[in-house]
Number of protein chains: 2
Amino acid sequence: MAQRTAAASPRGRTNDPEGLRRRLVDAAYAAFTTRGYHSTALHDLKRQAGATGGALSYHFPTKKELGLAVLRDRVADAVEETWIKPVLSAATAAEGIQAVFAGIVSELEQRGGGVSGCPLNNLALELSREDADFQALVETIFARWRNALADKIRADQSAGAGAMNGLDPDAFATFVVAAYSGAMAMAKVSQSTEPLTVCAGQLAKIIQERRVS
Amino acid sequence: MAQRTAAASPRGRTNDPEGLRRRLVDAAYAAFTTRGYHSTALHDLKRQAGATGGALSYHFPTKKELGLAVLRDRVADAVEETWIKPVLSAATAAEGIQAVFAGIVSELEQRGGGVSGCPLNNLALELSREDADFQALVETIFARWRNALADKIRADQSAGAGAMNGLDPDAFATFVVAAYSGAMAMAKVSQSTEPLTVCAGQLAKIIQERRVS
């Protein structure tokens, strides 16, 4: 706390390099995933984090290194917390998927400040074609997400839960991630949670019909 | 043709204002939907289109007006040509959807130069939250796309084709657009058509199972 106060002092100095690094990555995560990587000026992030130019270049010699840190330390965590943990801890994949959609819809509605979209998708579309390092990292995050879902579906099938019988775990996991990503993009465009609710309902129906048959 | 030659002359002048406008919008469409709106310098577009600064500001006093023209005159057309026309002219919505996915996969594979993603999604995610005019236009394009699909599904249901029975046309149309948009984003990230093929296969299965039951 004392260090935080020091960092916010008018001189903008800090004796807490780790805290400063964290504030830089936090500010960059917020800016990159909403305004975009290219539209964000390093100058503004520096000011928001209370960092000197020297401190910024000490931690992140280039903007790209800051972008990679945001993906590695924040975006990957967001996918883990929002999707992977809730799905893995749910009774079944089907319940987990519905719980994630419902959780996101309710969070967006409580926030009431508009839909920024999926942090991963926003950055993925902006960065993945322009740089091989960005692309590799974004692809790793997507792969972990898909694989966690596919593993949960496989576990349901082994347990004989019935709902996911006859379904290709990897293909269905890819499909769920695609439907969610697209729905989130449409939610951002329409500034409404409706596309998410509609897609969650369609996925529930698809899984349900499979269970019955 | 003569006018085109004149425009490409070393003096960069033109007596063909409509042709120049078109070349500016073409250059902006290519740049905005691949590199992004913010990363594109007007200076580069001017040079590519062989336009003077005066000509650029005559046609597009602001970058935003150029962005709106790209959405209205190019992105909307791309959605019309890629999705709406093929679906409406197919025998059924199910066949139309499969034909569109197959067409896009084959086009991407023939091009071989990597996946740029969906022009609408790329721009939608970058622009829709930052400006009400961009958002309204992007939303209109998405709505036309969804509505065309939903209308085709309704027509199938009226014709008693069977495949789409009991399905909510608007909800399923939203779902197809979401799955496609997300799959295209994943294709861009992985620089592979696989997510598109997988999602087309899942949609085919979903429709097929409904037909059987």
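This report describes a predicted model of two chains, moving from each chain to the contact between them and then to single residues.

## The model and its confidence

Because the model is predicted, local features need pLDDT of at least 70 and side-chain atom pairs count only at pLDDT 80 or more, while totals for chains, interfaces and linings use all residues. Residues are numbered from 1 along each chain as its sequence is written, and chains are lettered from A, with ligands numbered from 1, in the order in which they are written.

The pLDDT is the predictor's confidence in each residue, on a scale from 0 to 100. Chain A has a mean pLDDT of 87, and 90% of its residues reach 70 or more. Over residues 1-12 of chain A, however, the pLDDT is below 50, although this stretch has 16 contacts in the model beyond near neighbours in sequence; two residues are in contact if their C-beta atoms, placed from the backbone, lie within 7 Å. For the complex, the predictor gives an ipTM of 0.87 and a pTM of 0.88.

## The fold of chain A

Chain A contains 10 helices and zero strands, where helices (H or I, at least four residues) and strands (E, at least two) are DSSP runs numbered from the N terminus. The C-alpha trace of chain A spans about 70 × 35 × 30 Å along its principal axes. Of the 213 residues in chain A, 45% are buried; a residue is buried if 20 or more other C-beta atoms lie within 10 Å of its own, exposed if 12 or fewer, and partly exposed in between, with C-beta atoms placed from the backbone. Among contacts in chain A between residues at least 6 apart in sequence, 63% join residues at least 24 apart.

The domain assignment, whose bounds come from an automatic or database source, divides chain A into domain 1 (1-61) and domain 2 (70-212). The C-alpha centres of these two domains of chain A lie 30 Å apart, and their contact takes nine residues from domain 1 and nine residues from domain 2. On the side of domain 1 of chain A that touches domain 2, five residues are nonpolar, four are polar and none is charged. In this classification Ala, Val, Leu, Ile, Met, Phe, Trp, Tyr, Cys and Pro count as nonpolar, Asp, Glu, Lys and Arg as charged, and the others, Gly among them, as polar.

## How the two chains meet

Chain B is superposed on chain A by a rotation of 180 degrees with 0.0 Å of shift along its axis, at an RMSD of 0.0 Å. The two copies are thus related as by a two-fold rotation axis; the superposition is by least squares on the C-alpha atoms of residues with pLDDT of at least 70 in both.

The contact between the chains takes 42 residues from chain B and 42 residues from chain A. On the side of chain B that touches chain A, two or more residues each come from α7 (119-127), α8 (132-159), α9 (169-190) and α10 (194-212) of chain B, and the largest share, 16 residues, comes from α9(B). By class, this side of chain B has 19 nonpolar, 18 polar and five charged residues.

## The nonpolar core

A nonpolar core is a set of buried Ala, Val, Leu, Ile, Met, Phe, Trp, Tyr and Cys residues joined through C-beta atoms within 7 Å. The largest such core has 137 residues, of which L24(A), A179(A), L24(B) and A179(B) touch the most other members. Leaving aside its neighbours within four places in sequence, A179(A) is in contact with C199(A) and L203(A), and also with F175(B), A178(B), A179(B) and G182(B).

Q191(A) is in the loop between α9 (169-190) and α10 (194-212) of chain A, and its phi is near 50 degrees, a positive value in a residue other than glycine. Most residues other than glycine have a negative phi. Q191(A) is partly exposed, with 15 other C-beta atoms within 10 Å.

I207(A), in helix α10 of chain A, counts as buried, with 20 C-beta neighbours inside 10 Å. The C-alpha atoms of I207(A) and M164(A) are separated by 6.9 Å, although the two residues are 43 residues apart along the chain. In chain B, N165(B) lies in the loop between α8 and α9 and is exposed, with 12 other C-beta atoms within 10 Å. Leaving aside neighbours within four places in sequence, N165(B) is in contact with Q157(B) and R210(B).
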